[in-house]
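Dear colleague,

Please find below the structure that I am handing over to you. My findings follow it.

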Amino acid sequence: MPSYYVPDLTVQTKQISIVGEEFHHLSRVARHRPGDEITLNTGKGIIARAKILAIDGCSANLRIISAQAYTDHRPKYCLAFSLLQNRHDEWIVEKATELGCSVFYPLVCQRTIRVPSANTKCRFEKVALAASKQCDRPYLPKVMDVNYLESSLARIGEDGHKPIVLSERRPDLWLEDIMPQMNEAICILIGAEGGFSNGEYALFERLQIPLISVSSLILRAETAAIAAASQINLLGRIR
């Protein structure tokens, strides 16, 4: 059963009210009633069980049964991805959230076709929140502002992440070959539908950003993102 987002909950909380969109889902969509037990999620590391005491026209009052604090996902990693057509980039955010990605850097690359709108970041945040609630993920991933590739690379470095480019140009070097030597959080870069341009590859070479493969086949951007996230999870377990 999906959890409900209550960012103000702490492990000391005894009672709490749910309002707004979460209340609408609880009362109108899931049709919970007093006496039902539900799962609450702060997005900041706490998962709790609660019993519904009362429901009125705009809120639900709950009693906390138990609350547990969790450590953040390991291994820690990020994804930087080009905006994609038909909102396939939202599919990246949804699935990578379920697979533990901690930060998303939406990119505008030279071959990016979709133009970002005023609510692009907001939509990504809503997708990440819905995915976190669906899989009871204790920590909500962060979504950065949509930015051009070079600016995003600067921000990725400032945030302490090591960028790595997924590319069919380096079929001999795989994630498993370099991840054991990584002592910092990695950020996987994924290009647009047409891949990165020659100019962008020149940028990667100038910045000494390594290229790797995650498949012997040429993958769609969204498939490459999920392949990388899955491999990071596996390699993180066996390091």
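This is a predicted model: local features need pLDDT of at least 70, side-chain atom pairs count only at pLDDT 80 or more; totals for chains, interfaces and linings use all residues.

Helix packing

Helix α2 (residues 88-98) and helix α3 (residues 120-134) have axes that come within 8 Å of each other and cross at roughly 35°. The crossing of α2 past α3 is right-handed. On the α2 side, the contact is formed by Asp89, Glu90, Val93, Glu94, Thr97 and Glu98, and α3 contributes Arg123, Phe124, Val127, Ala128, Ala131 and Ser132. By class, five residues of this contact are nonpolar, two are polar and five are charged.

The largest pocket

The largest pocket holds about 520 Å³ of space. Its lining consists of 27 residues, and those nearest the centre are Leu166, Ser167, Glu168, Ile218 and Leu219. Helix α7 (residues 221-238) gives the most to this lining, with three residues. The lining of the largest pocket comprises 14 nonpolar, seven polar and six charged residues.

The second largest pocket

In the second largest pocket there is about 310 Å³ of space. Of the 14 residues that line this pocket, Glu21, Glu22, Leu129, Ala130 and Lys133 lie nearest its centre. At least two lining residues come from each of β1 (4-5), α1 (20-29) and α3. Six residues of this lining are nonpolar, four are polar and four are charged.

With kind regards

Methods
Residues are numbered from 1 along each chain as its sequence is written. Side-chain values use heavy atoms; hydrogens and water are left out. Axes are lines fitted to C-alpha atoms, for helices over the stretch in contact, and angles run from 0 to 180 degrees between N-to-C directions. Helices (H or I, at least four residues) and strands (E, at least two) are DSSP runs, numbered from the N terminus. A crossing is left-handed if the near helix is turned anticlockwise from the far one by less than a right angle, and right-handed if clockwise. Contact means heavy atoms within 4.5 Å. Ala, Val, Leu, Ile, Met, Phe, Trp, Tyr, Cys and Pro count as nonpolar, Asp, Glu, Lys and Arg as charged, and the others, Gly among them, as polar. On a 1 Å grid over the protein atoms alone, a cavity is a set of points where a 1.4 Å probe fits but cannot get out, and a pocket is an open set with protein on both sides within 12 Å along at least five of seven lines; lining residues have an atom within 4 Å of a point. Grid points are joined across faces, edges and corners, and a volume is the space filled by probe spheres set on the points.
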